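Reader: I would like to go through this protein with you. Please show it first, then take my questions.

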Amino acid sequence: MHSWQNATTAALLALTLGAACHNQPPPATGPPPVPPSALVAHRPNPGFEWVDGYWRWTGRRWKWVAGAWEAERTGQRWVAGHWTWTDDGQQCWQQPHWEALKHQATTAEELRCGH
């Protein structure tokens, strides 16, 4: 690969990796309010999971996003939205999302083999 191709590839990679937080609204000026009390309705059907509500920063104010029942997703778990800090000291909102479960050893053979 030519040096200009290496530089271009590195620049694109840096932009892609940094874009996850930099496309966010301006940082919040303080923590979100206390979550309001929520009444959780009965599970509509088996196979549903309650997803808590959360405060979303709009860039100007905090907006409450109400909780709801979501269909469970096989092999995944719900991760609540949360704030993290970037290496340069900025707040970054991590949107709530489903993520793949990590495989956990369940049999003696898997435990012995380090799976």
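Author: A definition to start: buried means under 20% relative accessible area, exposed means over 50%, and partly exposed lies in between (1.4 Å probe, protein chains only). This is a predicted model, where local features need pLDDT of at least 70, side-chain atom pairs count only at pLDDT 80 or more, and totals for chains, interfaces and linings use all residues. Residues are numbered from 1 along each chain as its sequence is written, and side-chain values use heavy atoms, with hydrogens and water left out.

Reader: Is Arg-73 buried, partly exposed or exposed?

Author: Arg-73 sits in the loop between β4 (68-71) and β5 (76-79). Its relative accessible area is 41%. That value lies between the 20% and 50% cut-offs, so Arg-73 is partly exposed.

Reader: How far apart in space are Arg-73 and Glu-99?

Author: In sequence, 26 residues separate Arg-73 and Glu-99. In space, C-alpha to C-alpha, the distance is 9.4 Å.

Reader: In what order do the elements run from the N terminus?

Author: Helices (H or I, at least four residues) and strands (E, at least two) are DSSP runs, numbered from the N terminus. The protein has 2 helices and 8 strands. The order is α-β-β-β-β-β-β-β-β-α.

Reader: What percentage of the residues count as buried?

Author: The protein has 115 residues. The share that counts as buried is 13%.

Reader: How many aromatic pairs are there?

Author: Rings of Phe, Tyr and Trp (its six-membered ring) pair if their centres lie within 6.5 Å. Planes under 30 degrees apart count as stacked, over 60 as edge-to-face, and the rest as tilted. By this rule, the number of aromatic pairs is 4.

Reader: Which kind of pair do Trp-50 and Trp-69 form?

Author: Their ring centres are 5.6 Å apart.

Reader: Why is the pair of Trp-55 and Trp-64 edge-to-face?

Author: The ring centres of Trp-55 and Trp-64 are 5.2 Å apart. Edge-to-face applies because their planes stand at 65 degrees.
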